[in-house]
Amino acid sequence: MKRYLSLFTIYIIATSAGFGAGSAAGGGALKREQGAQPVQVYNQGIQLMHAKKFAEAQVKFQQALSENPDFAEAHNNLAYSLRKQGPQNYAKALEHYDKAIQLRPNLAEA
């Protein structure tokens, strides 16, 4: 039972941080419809986000969005990176969460 609770706790922490098992942030494969370059830059942002380098991750997600503004996962993770940098970014983070949901209503992470 103790092991089960530990794994459950890890799952809760991971999903609340935006790194769910089925999410792009969790290492899941992204659809190629986003284009090769935006996905490559996005994946760099994911690595930075996992390293808690949120300002650097923000730059990568913004770059991916400049190449593909309809990249819902990039909006979601940009929002997360902004939010982790402090309350001064909450309004902008909310805009990106809203955009991610608008683009992909079933994106549970957003």
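**Overview. The protein has five helices and zero strands.** From the N terminus, the elements run α-α-α-α-α. Helices (H or I, at least four residues) and strands (E, at least two) are DSSP runs, numbered from the N terminus. The protein has 110 residues, and 39% of them count as buried. Buried means under 20% relative accessible area, exposed over 50%, and partly exposed in between (1.4 Å probe, protein chains only). The accessible surface comes to about 6700 Å². Carbon and sulfur atoms hold 55% of that surface. Accessible areas come from the Shrake-Rupley method with a 1.4 Å probe, and for residues only the protein chains shown count as cover. Among contacts with a separation of 6 or more, 50% join residues 24 or more positions apart. A contact means heavy atoms within 4.5 Å.

Residues are numbered from 1 along each chain as its sequence is written, and side-chain values use heavy atoms, with hydrogens and water left out. In this predicted model, local features need pLDDT of at least 70, side-chain atom pairs count only at pLDDT 80 or more, and totals for chains, interfaces and linings use all residues.

**View 1. Helix α3 packs on helix α4.** α3 spans residues 54–67, and α4 spans residues 72–84. Their angle is about 155 degrees, and their axes are 9 Å apart. Axes are lines fitted to C-alpha atoms, for helices over the stretch in contact, and angles run from 0 to 180 degrees between N-to-C directions. The two helices are therefore roughly antiparallel. Angles under 35 degrees count as roughly parallel, over 145 as roughly antiparallel, 65 to 115 as roughly perpendicular and the rest as oblique. The crossing of α3 and α4 is left-handed. That is, the near helix is turned anticlockwise from the far one by less than a right angle; clockwise would be right-handed. Contact residues in α3 include Phe-54, Phe-61 and Leu-65, while those in α4 include His-75, Leu-78 and Leu-82. By class, the contact has nine nonpolar, five polar and one charged residues. Ala, Val, Leu, Ile, Met, Phe, Trp, Tyr, Cys and Pro count as nonpolar; Asp, Glu, Lys and Arg as charged; the others, Gly among them, as polar.

**View 2. Helix α4 also packs on helix α5.** α5 covers residues 90–103. The angle is about 160 degrees, and the axes are 8 Å apart. That makes α4 roughly antiparallel to α5. This crossing is left-handed. From α4, the contact includes Ala-72, Ala-79 and Arg-83; from α5, it includes Tyr-90, Tyr-97 and Leu-103. Ten of the contact residues are nonpolar, three polar and three charged.

**View 3. Helix α2 meets helix α4.** Their angle is about 30 degrees, with the axes 11 Å apart. That makes α2 roughly parallel to α4. α2 passes α4 in a left-handed crossing. Tyr-42, Ile-46 and Met-49 of α2 meet Glu-73, Ala-74, Asn-77, Tyr-80 and Ser-81 of α4. The classes are five nonpolar, two polar and one charged.

**View 4. Pro-38 sits in helix α2.** α2 runs over residues 36–50. Pro-38 counts as buried because its relative accessibility is 7%. Leaving out residues up to four places away in sequence, Pro-38 touches Ala-64, Glu-67, Asn-68 and Phe-71. Pro-38 and Asn-68 are 30 residues apart in sequence, yet 6.6 Å apart in space, C-alpha to C-alpha.
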